[in-house]
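Subject: Structure handover

Hello,

Please find the structure below, ready for you to take over. My notes on it follow directly.

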Number of protein chains: 2
Amino acid sequence: MPFVKDLEVRMMAVRKVSEVPKQNVTEEGASGVTVQWLIAEETGAENFAMRKFTLKRGGYTPLHTHDWEHEVYVLSGKGVVTIGDKDFILEEEKVAYVSPNVFHQFKNIGNEDFIFLCIIPLKK
Amino acid sequence: MPFVKDLEVRMMAVRKVSEVPKQNVTEEGASGVTVQWLIAEETGAENFAMRKFTLKRGGYTPLHTHDWEHEVYVLSGKGVVTIGDKDFILEEEKVAYVSPNVFHQFKNIGNEDFIFLCIIPLKK
């Protein structure tokens with residue numbers, strides 16, 4: 001199956017999350033945030049990318065807006081997401097949908113790391 | 001912000017996973033599988049949908065193929081995914097990418113529920 005072989009060149013079809021490098025998020029307005037691109041364009045994704053975010057205690061992402069959506073699954077910790085003019089508590093076993101073009105921000109409000117998956121579309 | 005109001009009608013921006021109904025997967029070739037559509041077209045998704053699958057002990061999805069990809073994040077339990085002619089062990093903290101048009105199947109090979117997220121593109 002040549003397609004599978006080609007896939008293997010681009011990425012292991014299955015990866016350990018712990019082996020994906022953590023990158024510091026250096027965007028202005030971010031603090032204490034790292035991101036792992038678990039499934040990205042370079043590693044085979046065609047339509048959307050899966051990232052894992054870790055916000056240290058007190059950490060937060062920028063309050064910003066952009067023309068693509070977020071689909072978020074909380075893995076652990078406790079945070080708050082601001083979407084437009086509302087705040088929502090996020091903790092394990094919650095999902096969040098952030099529409100395009102709405103100001104939003106994620107903050108860690110707990111004592112542990114606040115960790116979530118965030119999937120975004122890949123613009124072609 | 002009317003857009004946020006409209007979003008609230010379609011879905012709570014933040015949902016508890018436990019409140020999303022579990023549907024039995026009745027597709028031929030599936031056994032012991034339920035799915036929760038955490039973020040779906042009806043509830044606001046624009047480009048991709050987030051589903052949570054639970055395979056009971058001994059459960060499996062059909063060995064099948066289709067022209068869209070899967071991006072998978074394993075939450076708990078132990079399984080195996082067949083992709084083309086290869087098998088890969090799946091357990092907590094692993095991700096899998098299944099390309100379009102490749103035969104694939106997920107099986108629970110552990111003693112607990114095998115639970116994973118599976119994100120798919122929404123065809124327009």
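A:Asn108 sits in strand β9 (residues 104-108) of chain A. This is a predicted model, so please read every value here as computed from it. Is A:Asn108 buried or exposed? A:Asn108 counts as buried, because its relative accessibility is 6% and the cut-off for buried is under 20%. Its side chain reaches two backbone oxygens. One belongs to A:Leu55, at 2.9 Å. Another belongs to A:Lys56, at 3.1 Å. Neighbours within four places in sequence aside, A:Asn108 also has contacts that include A:Arg57, A:Gly58 and A:Gly59. A:Lys78, A:Gly79, A:Asp113 and A:Phe114 are among its contacts too.

Next, A:Thr82. This residue lies in strand β6 (residues 78-83) of chain A. A:Thr82 is buried, because its relative accessibility is 14%. Which side chain does A:Thr82 join in a polar contact? The partner is A:Asp87, at 2.7 Å. Beyond its neighbours within four places in sequence, A:Thr82 is in contact with A:Asp87, A:Phe103, A:His104 and A:Gln105.

Now the meeting of the two chains. How many residues does each chain bring to the contact? Chain A gives 47 residues and chain B gives 47 residues. About 4,100 Å² is buried between chain A and chain B. Carbon and sulfur atoms give 69% of that area. Between the chains there are 12 residue pairs in polar contact, with both residues at pLDDT 80 or more. On the side of chain A that touches chain B, helix α1 (residues 2-10) of chain A gives the most, with 5 residues. That side of chain A divides into 31 nonpolar, 4 polar and 12 charged residues.

Strand β8 (residues 94-98) of chain A pairs with strand β1 (residues 14-16) of chain B. The sense is antiparallel, over 3 bridges. Which residue of β1(B) is the bridge partner of A:Ala96? The partner is B:Val14.

B:Tyr97 counts as buried, because its relative accessibility is 0%. Within chain B, B:Tyr97 and B:Tyr73 are 24 residues apart along the chain. Their C-alpha atoms are separated by 9.1 Å.

That leaves the salt bridges. How many does the structure hold over all chains? The count is 4. Between chain A and chain B, the count is 2.

A:Lys52 forms one with B:Glu93. The closest N and O atoms are 3.0 Å apart. This pair runs from strand β4 (residues 48-60) of chain A, which holds A:Lys52, to the loop between β7 (86-91) and β8 of chain B, which holds B:Glu93. A:Lys52 is buried, with a relative accessible area of 8%. B:Glu93 is partly exposed, with a relative accessible area of 30%.

A:Glu93 forms a salt bridge with B:Lys52. The closest N and O atoms are 3.0 Å apart here. Why does this pair join two chains? A:Glu93 lies in the loop between β7 (86-91) and β8 of chain A, and B:Lys52 lies in strand β4 (residues 48-60) of chain B, so the pair joins two chains. A:Glu93 is partly exposed, with a relative accessible area of 32%. B:Lys52 is buried, with a relative accessible area of 8%.

One more salt bridge involves chain B. The side chains of B:Lys94 and B:Glu91 meet at 3.8 Å, N to O. B:Lys94 is buried, with a relative accessible area of 13%. B:Glu91 is partly exposed, with a relative accessible area of 31%.

Best regards

Key. Residues are numbered from 1 along each chain as its sequence is written. Chains are lettered from A and ligands numbered from 1 in the order in which they are written. This is a predicted model: local features need pLDDT of at least 70, side-chain atom pairs count only at pLDDT 80 or more; totals for chains, interfaces and linings use all residues. Side-chain values use heavy atoms; hydrogens and water are left out. Contact means heavy atoms within 4.5 Å. Buried area is the accessible area (1.4 Å probe) that two parts lose on being put together, summed over both. A polar contact is a pair of N or O atoms within 3.5 Å; within protein, one must be able to donate a hydrogen and the other to accept it, and residues adjacent in sequence count only if both atoms are side-chain atoms. Helices (H or I, at least four residues) and strands (E, at least two) are DSSP runs, numbered from the N terminus. Ala, Val, Leu, Ile, Met, Phe, Trp, Tyr, Cys and Pro count as nonpolar, Asp, Glu, Lys and Arg as charged, and the others, Gly among them, as polar. Two strands pair if DSSP finds at least two bridges between them. Buried means under 20% relative accessible area, exposed over 50%, partly exposed in between (1.4 Å probe, protein chains only).
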